[in-house]
Amino acid sequence: MFEYVRPAIASLILMTLITGVAYPLSVTAVAQLAFAEQANGSLVRDATGQVRGSALLAQAFEGPQWFHPRPSAGDYATVASAASNLAPSNPELAAQVRERVRDWAGSAVQPAPMELVTASGSGLDPHLTLAAARFQAARVAAARSIPAERLERLLLAQLTAPLVGPAVVNVLALNLALADNRLPDSSE
């Protein structure tokens, strides 16, 4: 009997070492060497070097002086991240969207962009399209006493084009540029 058990135990130990130790360590080493920023959470730091968040996760910003991200059904908590949107047939979704449209004060002339009144699938989407950022620009410019032209240049400077989809602005990076007063000069 032991002649059958011994190879099974040896195989179990070998496979545990390969799949439980060697493989995870090698993947971690490759990730740290080749993709250090992403492997460490794509952290965003302010001018003093303090970590302010991750470029991959949205966070709440309060007040008219900040650009606001998409709504989050999980209150921007990564633990609650999941498919957080309600079904289109759910009356609660329609009520939430109506309330958010009222909050954004969208009008028939300039309706609130859809991404500002509906949550993303995970509730943690850190990006806005240029249209959604521009929708908020007048409010931010007025609250900060910034000329609208300089704020528009900041939006364009923060614009990135993903591999697929429209060009987007990272809300955290945009707000950090505002906090650090990194606005493009009017001569640029």
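Biologist: Which side chains meet in a salt bridge with an N to O distance of 2.4 Å?

Modeller: In this predicted model, the salt bridge at 2.4 Å, N to O, is formed by the side chains of Arg134 and Glu152. Arg134 lies in helix α5 and Glu152 in helix α6, so the pair ties together parts that are 18 residues apart in sequence.

Biologist: Are Arg134 and Glu152 buried, exposed or partly exposed?

Modeller: A residue is called partly exposed when its relative accessible area falls between the 20% limit for buried and the 50% limit for exposed. Arg134 counts as partly exposed because its relative accessibility is 40%, and Glu152, with a relative accessible area of 25%, is also partly exposed.

Biologist: How many salt bridges does a search of the whole structure find?

Modeller: The search finds two salt bridges. Besides the pair of Arg134 and Glu152, the side chains of Asp125 and Arg70 meet in a salt bridge at 3.9 Å, N to O. This pair links distant parts of the chain, 55 residues apart, with Asp125 in the loop between α4 and β3 (127–129) and Arg70 in the loop between β2 (51–54) and α3. Asp125 counts as partly exposed at 25% relative accessibility, whereas Arg70, at 15%, counts as buried.

Biologist: How should I read the aromatic pairs, and how many does the structure hold?

Modeller: The angle between the ring planes gives the class, since planes over 60 degrees apart count as edge-to-face, those under 30 as stacked and the rest as tilted. The structure holds two aromatic pairs. The rings of Phe61 and Trp66 have centres 5.9 Å apart and planes at 40°, so this pair is tilted. Phe61 is buried at 15% relative accessibility, and Trp66 is buried with a relative accessible area of 18%. For Trp104 and Phe135, the ring centres are 6.1 Å apart and the planes stand at 65°, so the pair is edge-to-face. Trp104 lies in helix α3 (residues 91–104) and Phe135 in helix α5, so the pair ties together parts that are 31 residues apart in sequence; both Trp104 and Phe135 are buried.

Biologist: Which residues have the most contacts inside the largest nonpolar core?

Modeller: A nonpolar core is read as a set of buried nonpolar residues joined through side-chain atoms. Here the largest one has 28 residues, and those with the most contacts inside it are Phe67, Leu151, Leu154, Leu155 and Leu178. The elements giving two or more residues to this core are α4 (114–117), α5 (130–144), α6 (148–158) and α7, and α5 gives the most, with seven residues.

Biologist: Where is Leu178 found, and what is it in contact with beyond its neighbours within four places in sequence?

Modeller: Leu178 is found in helix α7 (residues 171–179), and because its relative accessibility is 4%, Leu178 counts as buried. Leaving aside those neighbours, its contacts include Gln65, Trp66, Phe67, Val140, Leu151 and Leu154. Leu178 and Trp66 are 112 residues apart in sequence, yet their C-alpha atoms are 8.0 Å apart in space. Leu154, with its own neighbours within four places likewise left aside, is in contact with residues including Leu174, Ala177, Leu178 and Leu183.

Biologist: Which residues make the nonpolar surface patch of about 980 Å²?

Modeller: The residues of this patch are Met1, Phe2, Tyr4, Val5, Ile9, Ile13, Leu17, Val21 and Leu25. One of them, Leu17, has its place in helix α1 (residues 2–34) and is partly exposed, with a relative accessible area of 47%.

Terms used: Residues numbered from 1 in each chain as written. Predicted model: local features only at pLDDT ≥ 70, side-chain atom pairs only at ≥ 80, totals over all residues. Heavy atoms only, no water. Buried < 20%, exposed > 50% of the residue type's maximum accessible area, 1.4 Å probe, protein only. Contact = heavy atoms within 4.5 Å. Core = buried A, V, L, I, M, F, W, Y, C linked by side-chain atoms within 4.5 Å. Patch = residues over 30% accessible without salt bridge, like charges linked within 9 Å, V, L, I, M, F, W, Y side chains within 5 Å. Areas by Shrake-Rupley, 256 points an atom, 1.4 Å probe, with all protein chains shown as cover. Salt bridge = Lys/Arg side-chain N within 4 Å of Asp/Glu carboxyl O. Phe/Tyr/Trp six-rings, centres within 6.5 Å; stacked < 30°, edge-to-face > 60°.
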